[in-house]
Each structure stands twice: as structure tokens, then as C-alpha cells.
Amino acid sequence: MKQRLKNKRLRNVAIIAHVDHGKTTLVDAMFRQSGLFREGQEIEDRIMDNMELERERGITIAAKNCSVTWRDVKINIIDTPGHADFGGEVERALSMADGALLLVDASEGPLPQTRFVLKKTFEAGLKVIVVINKIDRHDARPQEVLNEIYDLFIDLDATDEQIEFPLLYAIGREGIVQTRLEQKGENLQLLFETILDQIPAPEYDPELTFQMLVSDLGYSDYLGRLAIGKVMNGRAKNNDSLVCIGEKNRQVPLKVSKLQTYEGMKLKATEYADPGDIIVLAGVSDVKIGDTICTLGSTKALKRISVEEPTVSMRFTINTSPFSGREGKFVRSSKIGERLFKETLRNVAIQVEQEGETFLVKGRGEFQMAILIETMRREGFEFSIGRAEVIYKKKNGILLEPVEHLFVDCDEASLGIVTEKLSMRKGKIINMVNKGSSRVRLEFSIPARSLIGYREDFLTDTRGMGIMNAYLDGYEEYRGDFPCRFTGSIVADRQGISVAYALFNLEPRGQLFIGPGTPVYEGMVIGEHNRQNDINVNACKEKKLSNMRASGRDENIILTPYRLMTLERAIHFIREDEMVEVTPKSLRIRKTLLSAQQRYLNRTALKKAAL
Ligand SMILES: Nc1nc2c(ncn2[C@@H]2O[C@H](COP(=O)(O)OP(=O)(O)OP(=O)(O)O)[C@@H](O)[C@H]2O)c(=O)[nH]1
Ligand SMILES: [Mg+2]
């Protein structure tokens with residue numbers, strides 16, 4: 001066997017965890033203590049979360065690279081998102097890593113996404129360092145959490161070697177790690193040393209020429225498209241003539257116009273890049289994630305990155321409401337399609353299929369969809385979207401649907417309502433543990449479609465105190481229908497401007513989404529009806545004027561506050577026959593069929609057909 005060498009001056013490590021377990025905050029501390037900043041320099045928190053939406057929401061959306069240097073060894077770090085909908089980012093990030101730091105919150109313990117990321121790390125054959133983080137939390141229970149981590153490793157069929165993982169306790173926010181609970185640490189030195197000792201240095205074959213797997217794409221105004229990935233073998237240098245091997249062995253020659261590597265958060269131009277390093281190549285145009293870039297002449301492609309299949313789909317179409325084209329910069333179907341296909345280049349977990357003027361976008365969850373929609377909206381796009389639907393499969397003529405393993409943590413008082421609602425949605429209880437101090441932990445097996453739109457209800461029912469997490473368990477036989485919403489819609493029956501008098505009279509019928517002075521059109525949904533059916537109403541009806549002088553009392557109408565529909569709420573609210581109209585300035589919910597008469601005729605025709 002040929003001898004492989006190690007590049008001992010490098011380590012590539014991914015930081016993985018469930019959402020909010022402190023990954024990005026730990027990277028901040030690693031930056032600070034590796035001397036990346038000047039003494040006393042003002043630094044923002046969660047510096048790696050640099051996308052606008054990441055800062056607004058306080059979560060990581062895309063995996064990102066950076067590096068620190070410790071004792072002359074360069075450590076490439078990949079910070080990954082913990083939200084399940086962005087799981088594809090973790091799978092992509094692991095293709096650049098030789099090991100991973102698995103963070104687990106000392107109070108929350110391992111949660112569904114901990115399981116997902118650990119499973120992916122095992123599949124990639126990477127070494128894991130476990131860090132029990134946030135041991136400063138007043139409700140920290142590190143000892144129990146450690147046992148739960150062992151259980152998780154065993155459950156995932158870890159080998160003996162994997163179970164003997166290196167373990168550290170940390171307070172990421174204060175930049176402290178320690179090996180024992182009783183002995184308070186002082187800094188991150190131990191963490192850096194453990195990475196150097198335990199994460200293997202990248203290996204390469206000295207006889208092979210340059211080969212790199214494209215794990216990410218970037219864009220620079222000056223340099224154009226950038227290909228990002230780990231050098232698997234050989235060295236890269238500026239002005240090299242290379243070839244990109246795409247799917248089905250399609251080969252496109254390219255010339256490196258600029259070679260960069262990560263230094264801290266920034267990119268640094270370099271003449272050469274060594275095997276094992278993570279590099280950023282400019283001079284590429286037609287490159288996709290998963291492609292191999294290698295020396296011209298040596299045409300061996302590396303294994304492509306494979307990610308889990310999408311489970312949710314949503315239809316994107318042009319906006320056909322009477323208000324279309326008023327607020328958006330990009331409204332045509334060709335523009336929307338172009339933008340969506342561009343997204344699939346960067347985002348490995350998203351797939352797009354065109355069906356005439358409609359685009360079927362498939363992804364991991366409705367939150368991922370919401371982020372894509374919000375991003376497009378801010379770029380000036382105007383379009384409409386349909387309800388998020390799960391992706392079914394058929395096997396031997398039997399309809400299968402994705403089923404989730406759901407964990408619920410709530411107080412005893414909300415137990416009744418939570419179980420009732422979940423069983424209405426075809427959930428089956430598989431475990432229930434009373435955790436003492438009046439909290440219970442429930443586990444359900446439940447169709448993925450049942451959870452679309454349920455989170456809002458859950459938070460209301462548990463008065464914001466409940467925690468709910470799920471992971472995809474697999475596909476099972478379809479469990480039968482249930483209504484996705486148990487209420488109807490209040491629908492405007494004509495175009496105009498809403499007036500307080502009309503809205504006031506509608507208030508008893510349900511919860512309104514608009515206030516007075518809002519432009520409406522026939523078929524626009526302006527509220528949620530208390531009952532199951534839809535009602536068509538006139539939201540623009542003025543009070544009849546009479547000759548009699550009124551006392552003035554009833555002219556000062558005081559409306560109760562309406563429910564503001566955010567994008568996520570709107571996505572969760574709509575039924576199969578409704579859509580959300582998205583423009584840079586407004587969000588409106590509408591019936592797909594705008595004409596009330598047409599809807600009526602369709603309904604009666606359907607009833608007749610059923611008889
Ligand atoms: N008590 C305590 N809180 C911490 C610690 N580290 C981080 N946090 C808090 O935990 C929250 C989440 O931190 P992040 O660093 O954004 O977590 P993350 O894992 O990057 O989250 P995602 O990327 O969205 O999955 C923030 O409010 C932090 O202030 C810690 O050591 N102790
Ligand atoms: Mg983060």
C-alpha cells in the first residue's frame with residue numbers, strides 16, 4: 001500500500017451541535033484567545049453570524065469557515081448551524097473536516113439535532129471531541145448529560161474507540177474549558193491542545209497531483225465566483241491550469257486567477273496552498289458543490305458530497321393578485337426561476353423543479369423555506385407561494401409519508417392539551433417521563449405534515465414554556481387525513497380600502513389580520529374565522545350617513561389589536577387552496593381562486609361529484 005503523509009501543521013475541525021448550544025459563541029472565544037484581535041479591541045458577539053438574517057434571528061443559517069493559529073498549527077474551523085432545517089449545511093461542512101467538536105448544552109443535554117450531526121460525523125468516519133458546554137447555567141446537570149451522551153453514542157452503534165471520546169467541560173461564553181467539573185478552568189488552552197492531540201492532521205498521498213473537493217461556493221465582486229474546499233492531495237498555486245470534473249464526468253478547464261486561504265475571519269492571498277488546507281479558488285465559473293477540481297490531465301473525480309433528501313416542498317409562482325407588479329423589482333417567472341436555480345448552487349439541501357410557470361422548491365423544512373423567501377424578498381423579488389407540503393413516496397403501491405420522532409418538554413398543566421392536539425394530528429405517544437418539579441418529557445411518533453404550523457399552537461398552549469424538537473425517523477405508511485387547520489378564513493369580497501366601521505363589525509367573527517386603511521381585493525384573506533368554513537365579507541363598508549346628527553359616540557370606534565401576519569405565521573396559516581403573496585413591502589394571504597363566485601361553483605361541483 002502506498003504511504004500516506006500527514007500535514008502536521010494543519011487541523012480541520014467542524015463545530016457541531018443542536019441549535020443554540022453555543023457553537024458560534026465558542027468560536028468568538030477561540031478567536032480572542034488565539035490572539036486574533038488587538039488587546040482591548042471592541043468585538044461584536046457571535047462574529048461569525050455575519051449574514052443580515054443571522055444577526056436578526058440570532059441563529060446560524062449557513063456553515064462558514066475561519067481559522068486560528070495555535071502553536072504554529074493552523075486550525076481551520078467550520079462553524080455550522082444547529083437548526084434541523086439547515087442540516088444540509090452540516091453535511092457539507094463535514095466534507096472539509098477531519099474531526100468535530102460536538103457541543104452539548106449542560107442543561108438541555110443531547111437533543112434531536114445532536115443525534116443527527118453525530119450520526120453524520122460517524123458516517124464520515126471523523127474523530128469526535130465532546131464538549132459539555134454552558135456548565136455555568138444554574139440548571140446545569142453535566143453528570144446526567146454525560147450519561148445521556150453515552151446513551152446516544154451507544155444508540156448510534158458507536159465503536160469502542162468512539163465511545164472513549166475525549167471529554168471537556170466548557171463555559172464557551174467566558175472562554176473557559178476544563179477536564180474535571182471540580183477544577184475550574186482558566187482559558188481555552190486545553191481545548192486547543194485537545195484539538196492538536198486528538199483531531200488527526202489531514203492525510204494526503206504524496207504521489208498524487210492537485211485534487212480538491214468543492215464544498216462551498218462564494219462570490220466576490222472583483223473575482224467572480226469562488227470555489228471553496230479542502231485540498232485532498234497535491235499543491236495548488238496561482239495561475240495553475242486545472243480542470244473541474246462535474247456530474248457525469250463533465251470536464252471544464254479553468255485557470256486559477258487567485259488563490260486564498262482563511263486567516264481568522266478574513267481571506268489571505270497566497271502563492272501556494274498545501275495539501276489538507278481549505279482554500280478559496282478564483283477563476284472558476286461553471287462549478288457546483290460536489291465537483292472535483294484537479295490538475296489537467298489527472299482526471300480522477302473525488303466522491304461527491306451526498307446529503308439527505310428533502311422532505312418538504314413548496315410552490316413558487318408569479319404574483320397574480322390585482323396588486324401585482326406594484327412593489328417588486330423582479331416579478332417575472334424567468335427571473336424567479338433564475339434566482340431559485342442560483343440558490344441550488346450554494347445550498348446543497350435545496351432542489352428546484354420547473355412546472356411551466358411554477359417552481360417546485362424542495363428542502364428540509366418550512367423554516368428553511370421561510371429564510372429563502374425572506375432573502376428573495378429583500379433582494380426585490382415579488383411572487384406567491386403555496387402551502388408547505390411534505391414529500392410522499394410510493395412503495396409497492398403503498399403511499400408512504402415522512403414520520404418524525406418528536407420530543408416535547410412541557411409542564412404538567414399543559415400536558416393534556418398538548419397530547420390532545422398531537423393525537424388529533426395522528427401522533428402516537430411512545431414514551432413519557434415525569435422529570436419531577438412538574439415537568440414532563442414526552443416522545444411521539446408523528447407524521448411530518450402534522451408539525452407544519454403546529455409550533456405556534458404549541459407555544460400558545462404551553463405559554464411559551466414548552467420545548468419541542470424532532471428528527472426524521474423515516475418513511476411509514478400514510479396515517480390518514482386530518483384537517484390542517486380547524487378554522488376557516490375571513491375573505492374580502494371586493495377591492496377597496498378597509499374601514500374601521502366594517503372591521504369593527506367583523507371582530508366577533510374571528511381574529512383579523514389587517515387594520516383600517518389597508519388596501520384589499522376580492523379573494524384576499526383578512527382574518528381567521530371562528531368556525532370551520534370560509535366567509536366572504538365586505539371590509540370596506542362605510543356607515544350609512546343619515547340626516548340625523550348623531551351623538552358622536554359610535555363614530556369613535558376602538559378596534560381590538562389585529563394579529564400581524566409575519567412570513568412564518570402566514571406560511572403556517574394557509575390551507576391548500578390559499579397562497580401567500582410576497583413583495584418587498586407587503587405580505588398578503590389570498591385564496592388561490594380569487595372570485596368568490598368561482599369558489600362557490602367549484603365547491604358545489606365537488607359536492608355533487610362526491611354524491
Ligand atoms: N450560560 C451560558 N450561555 C451561553 C454560553 N455560550 C453561549 N451561550 C448563549 O447561548 C445562546 C446561543 O449561542 P450561539 O453561540 O448563538 O449558539 P449556536 O450553537 O451558534 O446556535 P446556532 O448556530 O443557531 O445553532 C446565546 O444566547 C449565548 O449567549 C455559555 O457558556 N454559558
Ligand atoms: Mg451559531
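Modeller: What follows is a set of questions and answers on a predicted model.

Biologist: What makes β2 and β5 a pair of strands?

Modeller: A pair needs at least two bridges. Strand β2 (residues 10-17) and strand β5 (residues 99-105) have five bridges and run in the parallel sense, so they count as paired. In one of these bridges, I15 has L101 of β5 as its partner.

Biologist: What is the order of the strands in the open sheet?

Modeller: The seven strands are ordered β3-β4-β2-β5-β6-β7-β8, and the pairing is mixed.

Biologist: Why are β3 and β8 said to stand at the edges?

Modeller: β3 (64-70) and β8 (176-178) each have a single partner strand, so each has one side without a neighbour in the sheet. From one strand to the next, the twist averages 30°.

Biologist: Which strands does helix α4 lie across?

Modeller: Helix α4 (residues 112-123) lies across β2, β5 and β6 (127-133), at about 150° to β2. Helix α5 (residues 142-155) also packs on the sheet, where it touches β5, β6 and β7 (167-171). The direction of α5 makes about 155° with that of β6.

Biologist: How do you know that a residue belongs around ligand 1?

Modeller: Its C-beta atom, placed from the backbone, must lie within 6 Å of the ligand. There are 21 residues around ligand 1, and T24, T25, I59, T60 and G82 come nearest. Helix α1 (residues 23-33) gives the largest share of the shell, three residues.

Biologist: How does that shell divide by residue type?

Modeller: The shell around ligand 1 has five nonpolar, nine polar and seven charged residues. Gly counts as polar.

Definitions and conventions: Residues numbered from 1 in each chain as written. Chains lettered and ligands numbered in written order. Predicted model: local features only at pLDDT ≥ 70, side-chain atom pairs only at ≥ 80, totals over all residues. Helix = DSSP H or I, 4+ residues; strand = E, 2+ residues; numbered from the N terminus. Axes fitted to C-alpha atoms, helices over the stretch in contact; angles between N-to-C directions. Contact = placed C-beta atoms within 7 Å.
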